[in-house]
Amino acid sequence: MKVGDLVLHKQKLSSEAGLVVDIIQKKVWRTEIQGKKLDWSKVDPEPHAVVLWSHNDGTVNIPFTELVVLNA
């Protein structure tokens, strides 16, 4: 995934494509895998796409694992 790609959310939260405007690194705590007790020292940052959708007022940061690239 790279800046300029068109993407869809895997969970079909929106039927329209978003535009990747930046790539960042952030930590994510997944309670279904890691449990309810947070321990950020056990989590490494992972790549996120900063995505712009027409129905949002601004951008949204979404992990790569939750997106599908349309124009790969």
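Strand 3 (residues 46-52) is largely enclosed by the rest of the structure, because 5 of its 7 residues are buried. Buried means under 20% relative accessible area, exposed means over 50%, and partly exposed lies in between (1.4 Å probe, protein chains only). Helices (H or I, at least four residues) and strands (E, at least two) are DSSP runs, numbered from the N terminus. The model is predicted: local features need pLDDT of at least 70, side-chain atom pairs count only at pLDDT 80 or more, and totals for chains, interfaces and linings use all residues. Residues are numbered from 1 along each chain as its sequence is written, and side-chain values use heavy atoms, with hydrogens and water left out.

Two strands pair if DSSP finds at least two bridges between them. Strands of a sheet pair through backbone hydrogen bonds, either parallel or antiparallel.

Strand 3 is joined to strand 2 (residues 18-26) by 7 bridges, and the two run antiparallel. Val20 has Val51 of strand 3 as its bridge partner. Asp22 stands opposite Val50 in strand 3. Strand 3 is also joined to strand 4 (residues 59-63), by 5 bridges, again in an antiparallel arrangement. These two strands form a hairpin, with 6 residues between them. Opposite Pro63 in strand 4 stands His48. Leu52 stands opposite Thr59 in strand 4.

His48 is found in strand 3. His48 counts as buried because its relative accessibility is 3%. The side chain of His48 reaches the backbone oxygen of Glu46 at 3.0 Å. A polar contact is a pair of N or O atoms within 3.5 Å; within protein, one must be able to donate a hydrogen and the other to accept it, and residues adjacent in sequence count only if both atoms are side-chain atoms. Leaving aside neighbours within four places in sequence, His48 is in contact with Asp22, Ile23, Ile24, Lys26, Val28, Asn61, Ile62, Pro63 and Phe64. Contact means heavy atoms within 4.5 Å.

The largest nonpolar core has 7 residues in all: Val7, Val20, Ala49, Val51, Trp53, Ile62 and Leu67. A nonpolar core is a set of buried Ala, Val, Leu, Ile, Met, Phe, Trp, Tyr and Cys residues joined through side-chain atoms within 4.5 Å. Not counting residues up to four places away in sequence, Val51 touches Val7, Gly18, Leu19, Val20, Gly58, Thr59, Val60 and Leu67. In soluble globular proteins, nonpolar side chains tend to be buried together.

A search of the whole structure finds 3 salt bridges. A salt bridge is a side-chain nitrogen of Lys or Arg within 4 Å of a carboxyl oxygen of Asp or Glu. Side chains of opposite charge can pair when their charged atoms come close. Arg30 forms a salt bridge with Glu46, and the closest N and O atoms are 3.0 Å apart. This pair links distant parts of the chain, 16 residues apart: Arg30 lies in the loop between strand 2 and helix 1, and Glu46 in strand 3. Arg30 counts as buried at 19% relative accessibility. Glu46 counts as buried at 16%. The side chains of Asp5 and Lys2 meet in a salt bridge (3.0 Å, N to O). Asp5 is buried, with a relative accessible area of 4%. Asp39 and Lys42 also meet through their side chains in a salt bridge (3.9 Å, N to O). Asp39 is partly exposed, with a relative accessible area of 28%, whereas Lys42 is exposed at 65%.

Gly35 lies in the loop between helix 1 (31-34) and strand 3. Gly35 counts as partly exposed, at 24% relative accessibility. Apart from neighbours within four places in sequence, Gly35 is in contact with Trp29 and Arg30.
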